[in-house]
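Please look through the sequence and the model below, and then follow the explanation from one part to the next.

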Amino acid sequence: MDKKSEEYVKMAKAYHDKMAEDYDKPYHNEALGYDELYNYITDKIEWHYIEKYLPNKGLVLDAAGGTARLAIPIAKKGLDVVIIDVSEGMLKVAREKIRSQDLENRITLKQGDIHKINYPDNHFDFVLAQGIEYCPDLEKAVAELARVLKPSCYLELSADSLFFVTWAFLNEKNLEKALQVLDEGKYMSSGGDVWCWVYTPSQFREMCHKHKLKIEKITSGGGACAYIKDQSFRQAVFQNKKQLEKLLEIEMKLCEIEDTAILGNHPILIAKKQ
Ligand SMILES: C[S@@+](CC[C@H](N)C(=O)[O-])C[C@H]1O[C@@H](n2cnc3c(N)ncnc32)[C@H](O)[C@@H]1O
């Protein structure tokens, strides 16, 4: 990695060290359509696609695994998990959660950079990398994730979407940032001290071709409900179990239509190593 990318990784580390204690708290942002409804739908969909491709047993790498938000439910299914994350702060939160749930025998924590994974080739039975928009060199990261994955096993990753982030800036009436993200493929987070990179499904496809990964699915990861403007309707749906189930059914159907992938905030790629 070049010097500039190393600087970006340091910024991501410092940013996550600072916000680690708050990471698991529900996040709300009206411009992005983030609220209880959005979180409920996207969490369900995220887990649906993880569960669908997880093996029954074996060793999982949760790369940039943060506070073990996903590693814990995976470990509870009887799998062993290694979390690699650059932020000691995030790993500290993860360690406390893992200890309180008696999962120390199942989950190993390692501080490290996703662009340079300290494990041998063909080592893991499943590789997860959710929310890796803070990585300045996604191509290098994907090369590493693919290298440590065993053949015929799945890689699942997600990162910010070019379309969704541009749309969010338009909603914040910030035309300059909307244009910048389109031109540069990256944006400065609202806190102003870390860069995030955005992607299109075609870029995911190109990376798979380069690294001999066969695409199994590209999906929006849900969140069409972010586009519902009427706040009272959003709340009414969230409070009505039948309507909530119907919305989830609609979102799941949309997720199965690959053309909608760019519309989600965190499009998900699932690919198999050849
Ligand atoms: C959006 S959070 C996602 C955390 C977790 N995957 C989840 O879905 O809850 C991004 C995570 O990436 C980590 N991270 C950022 N840059 C990294 C890098 N170069 N190598 C490893 N981890 C990194 C951060 O510390 C943070 O924990």
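The residues of the shell around the ligand divide by class into 10 nonpolar, 7 polar and 3 charged. Here Ala, Val, Leu, Ile, Met, Phe, Trp, Tyr, Cys and Pro count as nonpolar, Asp, Glu, Lys and Arg as charged, and the others, Gly among them, as polar. This is a predicted model, in which local features need pLDDT of at least 70 and side-chain atom pairs count only at pLDDT 80 or more, while totals for chains, interfaces and linings use all residues. Residues are numbered from 1 along each chain as its sequence is written.

Of the 20 residues around the ligand, the nearest are His16, Ala64, Gly66, Ser87 and Gly131. A residue is near a molecule or strand if its C-beta atom, placed from the backbone, lies within 6 Å of it. Helix H1 (3-19) and strand S2 (80-85) are the elements that give two or more residues to this shell. The largest share, 3 residues, comes from H1. Helices (H or I, at least four residues) and strands (E, at least two) are DSSP runs, numbered from the N terminus.

Next comes the sheet that contains S2. Strands of a sheet pair through backbone hydrogen bonds, either parallel or antiparallel. Two strands pair if DSSP finds at least two bridges between them. An open sheet of 7 strands runs in the order S3-S2-S1-S4-S5-S10-S9, and its pairing is mixed. Strand S3 (107-111) and strand S9 (213-219) stand at the edges with a single partner strand each, so one side of each is left without a neighbour in the sheet. From one strand to the next, the twist averages 15°. Axes are lines fitted to C-alpha atoms, for helices over the stretch in contact, and angles run from 0 to 180 degrees between N-to-C directions.

Within this sheet, strand S1 (residues 59-63) and strand S4 (residues 124-130) pair in the parallel sense over 3 bridges. Leucine 61 has valine 127 in S4 as its bridge partner. Helix H2 packs on the sheet and touches S4, strand S5 (149-158), S9 and strand S10 (268-273), and its direction makes about 180° with that of S5. Helix H4 also packs on the sheet, where H4 touches S2 and S3, and its direction makes about 165° with that of S3.

A second open sheet has 3 strands in the order S6-S8-S7, with mixed pairing. Its edge strands, strand S6 (160-161) and strand S7 (186-188), each pair on one side only. S6 and strand S8 (residues 195-199) pair in the parallel sense over 2 bridges, and serine 161 stands opposite tyrosine 199 in S8.

How do the helices pack on one another? Two packed helices are described by the angle between their axes and the distance between the axes. H1 and helix H4 (residues 88-100) pack at an angle of about 40°, with their axes 6 Å apart. That makes H1 oblique to H4. Angles under 35 degrees count as roughly parallel, over 145 as roughly antiparallel, 65 to 115 as roughly perpendicular and the rest as oblique. His16, Asp17 and Lys18 of H1 make the contact with Glu88, Gly89 and Met90 of H4. Two residues are in contact if their C-beta atoms, placed from the backbone, lie within 7 Å. By class, this contact has 1 nonpolar, 2 polar and 3 charged residues.

The axes of helix H2 (residues 36-53) and helix H10 (residues 241-255) come within 11 Å and cross at roughly 50°. H2 and H10 are therefore oblique to each other. Ile41, Lys44 and Ile45 of H2 meet Leu247, Leu248, Glu251, Met252 and Cys255 of H10 in this contact, which has 6 nonpolar, no polar and 2 charged residues.

H2 also meets helix H9 (residues 231-239), where the axes come within 9 Å and cross at roughly 50°. H2 and H9 are therefore oblique to each other.
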